[in-house]
Each structure stands twice: as C-alpha cells, then as structure tokens.
Amino acid sequence: MTFWNTLLDLAGGEQSLRLWFALFLASGIVAGIWTGFFKARKIQPKGFKWTTFRNEIIFGLINVVISGAVIAFLIKFASAYASFIDGTPAWWMTALEYAVYFILFDTWFYWLHRLMHKEPIYYWVHKLHHLSTSTNVMTNFSVNPLESLINGGFVPLFILAFPIHRETMALITPTNVLMGLLIHSGYEFFPRWWNKSWATKWFITATFHDQHHKYFNYNFGGYTTVWDRICGTMRKKYESDFEAITTREGAR
Ligand SMILES: [Zn+2]
Ligand SMILES: [Zn+2]
C-alpha cells in the first residue's frame, strides 16, 4: 500500500513541482557520474560540450519552474473534474488503461512534434530543444515552456476524456519524465537484439532520439517507432547505427 500511496501522492498535482525538482537534481547527479562511465555505450563519443551543458541547465531550470507549476496546476484542476474510477483495479485493467494512454500520447506527440518542426512554430516553440545536437539527461529539461505545455497538456485532457483508476494515473504521471531521461541520456542501454525482436523494435531507444537531435528531420516518435515507420520518417541508417553502437569493443 505504501508504494501506491507514495505514487499517488506524487501524482496528486501539488506534489508534481517537487517531483520535477527531485528528478531535475537527480539527473544532474546522474549526469555527473555518467560522464566518466560507460564509454563504449556513449552514442556520440565526442558530442559533449560544456557550454551546451551549461545552457541546458539554465534553460532547464527556467522550464521546470514555469511549466512544472503550470502543469501541476492543470493536472490538479483536471483531477477535480475528472471522474476517476473507485476501487483497486485488476492488474490487466491497469495495463489496459495504461496502454490506451501510451498509444494516444505517442500519436499526440508524433504529430505535434512534426508540426513543431514547421516555421514559424519551430522558431517560437521547438528550436530551443534543438540547440543540443548531442544529448545528455539535462537536454530533457532544456525545452521551451510552451513546448512542455503542449506535451504535458495531454495528461489533463486525457483524464478529462477517459475515466481511469487513480492507480493508473500514478503510473502515467512519471512516464514522460522517465522516458525523456532515458532517450536523452546519450547512452545506449538496450541490448543488441532490440531492433531485431518483433516484440521490442516498436519502442524507441536513446540512439533513435539521439539521431533526431543529430540529423533533425528523422525519428519524430516519443515512445514508439510506429508512426515514423508508417510515415517513412525513420532514419534509414538508424538500425545499422544502433547495431554498430551496441557491438562496439566493450559495449556488449
Ligand atoms: Zn524535434
Ligand atoms: Zn529531444
């Protein structure tokens, strides 16, 4: 029960700002440690630049303060009007609700992301995030607050449109930040067979999103590769590059 209570507490809205801050600080510490490790799995071995990193911290702080507060308010506001389903759900019900969120957010993110690459929206909303051409965990927070609101606005709308259990909500809330930290880490943690297995190749990797920052007009997906595969926006060399990174000397 304590596990659920803690998660529910964090998902409660007024705690969201604290959650953002905790993850922001944790990422800083993790970034510091990672800089010296996992050399073989570093996606762009020479990609790290201190000036970019400093800017990411500054932009990240501004973003976390502004969008953290606004999104926390929106989720709290939406929670007051959303009709959550009472009672502890069966595991498959939680999984089903979570899957609906996952698929819908993936679609929301892909299409809005492609829209954000069109001028003048790109200049006003998305350009800041693309100042980083090689990512680290801080890049995840280095986002224009407007962009954070466009992406973060999905959850309040989702809970207003779909009645779900609070337990599912507690899983949904941290998903974006955790996924963001993983795909911006700058390191490829997934196994070599990831893109060869029918079960896993549909989910994006750190290499996948790294290539969005490096090559720009490819790999728009935030959770899955599905829309990129359907629309032909997945980088042709993505899978062979992933293979090269994960089979480097010492990377196995
Ligand atoms: Zn982009
Ligand atoms: Zn990014």
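A crossing of two helices is called left-handed if the near helix is turned anticlockwise from the far one by less than a right angle, and right-handed if it is turned clockwise. The views below come from a predicted model, in which local features need pLDDT of at least 70 and side-chain atom pairs count only at pLDDT 80 or more, while totals for chains, interfaces and linings use all residues. Residues are numbered from 1 along each chain as its sequence is written, and chains are lettered from A and ligands numbered from 1 in the order in which they are written.

**View 1. The crossing of helix 9 and helix 11 is right-handed.** The axes of helix 9 (residues 206-215) and helix 11 (residues 238-246) come within 10 Å and cross at roughly 120°, which makes helix 9 oblique to helix 11. Axes are lines fitted to C-alpha atoms, for helices over the stretch in contact, with angles running from 0 to 180 degrees between N-to-C directions; angles under 35 degrees count as roughly parallel, over 145 as roughly antiparallel, 65 to 115 as roughly perpendicular and the rest as oblique. Helices (H or I, at least four residues) are DSSP runs, numbered from the N terminus. On the side of helix 9 the contact is made by T207, F208 and Q211, and on that of helix 11 by Y238, D241, F242 and I245, where two residues are in contact if their C-beta atoms, placed from the backbone, lie within 7 Å.

**View 2. Helix 9 is largely enclosed by the rest of the structure, because 8 of its 10 residues are buried.** A residue is buried if 20 or more other C-beta atoms, placed from the backbone, lie within 10 Å of its own, exposed if 12 or fewer do, and partly exposed in between. The buried residues of helix 9 are A206, T207, F208, H209, D210, Q211, H212 and H213, and what covers them includes helix 8 (166-184) as well as helix 11.

**View 3. The loop between helix 9 and helix 10 (226-231) contains F216, and N219 also has its place there.** F216, which follows helix 9, has a positive phi of about 70° although it is not a glycine, and with 11 C-beta neighbours inside 10 Å it counts as exposed. N219, likewise not a glycine, has a positive phi of about 55°, but with 25 C-beta neighbours inside 10 Å N219 counts as buried.

**View 4. A cis peptide bond joins E119 and P120.** Omega of this bond is about 0°, and P120 is found in the loop between helix 4 (91-116) and helix 5 (121-126).

Key. Helices (H or I, at least four residues) and strands (E, at least two) are DSSP runs, numbered from the N terminus.
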